[in-house]
Amino acid sequence: MSLRIDRSDATVVLTIDRPTTRNAIDADLARRLAEAASEAAADPAARAIVLAATGEESFVSGGDLNEIAKHVRDDGGPKPVLDMYEPLLVLESGDLPVIAAVSGDVYGGGCELILLCDMVIMESHASLAFRHARMGLSPAWGGMTRLLERVGPVEASRLLFTAEKIDATEAQRIGLVGDVVAKGQALTRALERAASIAKNARAVIAAQKRALRVVRQARRGNSIELERAVFAELWAGPAHRAAIEGFFRRRG
């Protein structure tokens, strides 16, 4: 099972559980996340969603390179990876607030995943990196647009162009994450935040989230479509193929 679904009072906890891939995102996980988030939104007793992951080392390591490599080697084109965005979008577009409880390192597509969440709580030992450039790619799931919204053009350029890893304190300083907590405390803090949200009327919070979404969409214009076109342009290019083959050589 790649996703566990639990309930804590009025909070639905979705726990990514793919330890053999360091919790990488594949098409099946994206679908399961979307279905679970949609079911939570349809439950009138649910007031928030917490996104968590198993293990302390890796929260989400990015897109599943086994699946991605297969598409590259089969000359299948970027569509299967781009198509994963639509189900994941429900985290941002649904009425329930989504809180990411980041308990380990986050890379590539994992960073794009947490940017779909309304709030991010990160443990102090964890780090993150938009390492798309090292894989010969650019964000596929709207991560460039959302990163720019979250941290501004200077920091977005630094993180994307260098693909450097930053720690939780730095991520908080630039506004990429909200709270930084001690190791093992992200889920607890996320549940506390969800309980605070639940003190307010569900209809009011849903309306506020919809309004925030409308404002962001108005500001974005067609930026997400443009960045996804760049991803498609880079897909299976020389840099991407070299990065894929290098990864599997190093892994042995």
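Analyst: What follows is a set of questions and answers about this model, which is a predicted one.

User: Why is the pair of F231 and W235 called tilted?

Analyst: By the rule for ring pairs, the count comes to two aromatic pairs. In the pair of F231 and W235, the ring centres are 5.8 Å apart, and the rule asks for centres within 6.5 Å, so the two rings do pair. Their planes stand at 45 degrees, whereas stacked needs under 30 degrees and edge-to-face needs over 60, and the pair is therefore tilted.

User: What makes the pair of F247 and F248 edge-to-face?

Analyst: The planes of F247 and F248 are 85 degrees apart, and since planes over 60 degrees apart count as edge-to-face, that word applies to F247 and F248. The centres of these two rings are 5.1 Å from each other, which is to be set against the limit of 6.5 Å.

User: How do you know where the charged end of R73 sits?

Analyst: The charged end of R73 sits over the ring of F248, at 4.9 Å from the ring centre, and the distance limit for this description is 6 Å.

User: Why are α7 and α12 called oblique to each other?

Analyst: Two packed helices are described by the angle between their axes and the distance between the axes. Helix α7 (residues 143–151) and helix α12 (residues 223–234) pack at about 130 degrees, and their axes are 8 Å apart. Angles of 65 to 115 degrees count as roughly perpendicular and those over 145 as roughly antiparallel; the angle here falls between those ranges, and the helices are therefore oblique. On the side of α7 the contact is made by G143, M144, T145 and R146, and on the side of α12 by S223, I224 and E227. These contact residues divide into two nonpolar, three polar and two charged.

User: What makes I174 a buried residue, and which residues does I174 touch?

Analyst: I174 is found in the loop between α9 (168–173) and β10 (179–181). Its relative accessibility is 8%, and because the cut-off is under 20%, I174 counts as buried. Leaving out residues up to four places away in sequence, I174 touches R150, V151, E155, R158, L159 and I166.

User: Why is R216 called partly exposed?

Analyst: R216 has a relative accessible area of 22%, a value between the limits of 20% and 50%, so partly exposed is the word that applies. R216 has its place in helix α11 (residues 202–220), and beyond its neighbours within four places in sequence, R216 is in contact with E92 and E149.

User: Where do A163 and A236 lie, and are they buried or partly exposed?

Analyst: A163 lies in the loop between α8 (153–162) and β9 (166–167), and with a relative accessible area of 3% A163 is buried. A236 is found in the loop between α12 and α13 (238–251), and its value of 22% makes A236 partly exposed. Phi is near 55 degrees in A163 and near 60 degrees in A236.

Methods:
Residues are numbered from 1 along each chain as its sequence is written. This is a predicted model: local features need pLDDT of at least 70, side-chain atom pairs count only at pLDDT 80 or more; totals for chains, interfaces and linings use all residues. Side-chain values use heavy atoms; hydrogens and water are left out. Rings of Phe, Tyr and Trp (its six-membered ring) pair if their centres lie within 6.5 Å; planes under 30 degrees apart count as stacked, over 60 as edge-to-face and the rest as tilted. A charge sits over a ring if NZ of Lys or CZ of Arg is within 6 Å of the ring centre and within 35 degrees of the ring normal. Axes are lines fitted to C-alpha atoms, for helices over the stretch in contact, and angles run from 0 to 180 degrees between N-to-C directions. Helices (H or I, at least four residues) and strands (E, at least two) are DSSP runs, numbered from the N terminus. Angles under 35 degrees count as roughly parallel, over 145 as roughly antiparallel, 65 to 115 as roughly perpendicular and the rest as oblique. Contact means heavy atoms within 4.5 Å. Ala, Val, Leu, Ile, Met, Phe, Trp, Tyr, Cys and Pro count as nonpolar, Asp, Glu, Lys and Arg as charged, and the others, Gly among them, as polar. Buried means under 20% relative accessible area, exposed over 50%, partly exposed in between (1.4 Å probe, protein chains only).
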